[in-house]
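Have the coordinates open as you read.

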Amino acid sequence: TASNLADPPILQGRSINGPLSETGELQADAAASCLSHLPINAIYSSPLIRAQQTAKIIANHHALAVNTVDEITEVDVGAWEHRSWHEIEQAEPDAYHRFQNDPANHGYRDGENLNDVSRRVMPALQRVMSDHSGEQIVIKTLDGSIASIVPEGAIAWFGMKNKADGKWGSAGCFHQGNFVSSENLRNWLNVHPFETGTQIPL
């Protein structure tokens, strides 16, 4: 989205509801291609435009409609919406570091923490999975929701990402759920040296 491509990137929760950027559309096309050979039985999505667009691009490969699930919408980032992580760190260092160190309990100021998101998202996901036992489905949600539901003990990398030229490349929470062990995370960091942040258990 435009917020992701801004320099520095701007936090977007549920109140920024813009479309995918051209880059985002290309990424959605790539995801759809990767999934195109699978026998997908159903596709679900957050109600936000950027999630719906991605889900519809995937759905087109399978002649499926997209089912909207309101509960899996993006995290409420509260007073930090429309702001960059750099600005937040400078203006609200205590709140910023509480969030970085323990986002499950110290969330976005005036918004949700990850425990809040988990309580909202998990019943909906369990309902959907129960409806499709034994089937392959796609659920398109957003970073904050993903971060709240990774398996216990999984590792995420929270922080800010810089490109080789020192400019902002992205910000926020990266690759939630991809690292089921600290070793996996270290291996990934070895080949992505421009990621900076904090390793935390979720």
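Is E92 buried or exposed? E92 is buried, with a relative accessible area of 14%, where buried means under 20% relative accessible area, exposed over 50% and partly exposed in between, using a 1.4 Å probe on protein chains only. Before going on, a word on the ground rules: this is a predicted model, so local features need pLDDT of at least 70 and side-chain atom pairs count only at pLDDT 80 or more, while totals for chains, interfaces and linings use all residues. Residues are numbered from 1 along each chain as its sequence is written, and side-chain values use heavy atoms, with hydrogens and water left out.

Back to E92, which sits in the loop between α4 and α5. Helices (DSSP H or I runs of at least four residues) and strands (E runs of at least two) are numbered from the N terminus. The E92 side chain makes a polar contact with the side chain of R83 at 2.8 Å and another with the side chain of R109 at 2.6 Å. A polar contact here is a pair of N or O atoms within 3.5 Å; within protein, one must be able to donate a hydrogen and the other to accept it, and residues adjacent in sequence count only if both atoms are side-chain atoms. If you skip the neighbours within four places in sequence, E92 is in contact (heavy atoms within 4.5 Å) with W80, R83 and R109.

Rings of Phe, Tyr and Trp (its six-membered ring) pair if their centres lie within 6.5 Å, with planes under 30 degrees apart counted as stacked, over 60 as edge-to-face and the rest as tilted. By this rule there are seven aromatic pairs. In one of them, the centres of W80 and F99 are 5.9 Å apart and the planes stand at 85 degrees, so the pair is edge-to-face. W80 lies in the loop between β2 (66-68) and α4 (85-91) and F99 in helix α5 (residues 93-101), so this pair ties together parts that are 19 residues apart in sequence. Both W80 and F99 are buried. W80 also pairs edge-to-face with Y108, at 6.0 Å centre to centre and 75 degrees between the planes. That pair links distant parts of the chain, since Y108 is in the loop between α5 and α6 (114-131), 28 residues from W80.

The axes of α2 (residues 22-35) and α3 (residues 49-60) come within 8 Å and cross at roughly 35 degrees; axes are lines fitted to C-alpha atoms, for helices over the stretch in contact, and angles run from 0 to 180 degrees between N-to-C directions.

As for the whole protein chain, there are eight helices and six strands, and 41% of the 202 residues count as buried.
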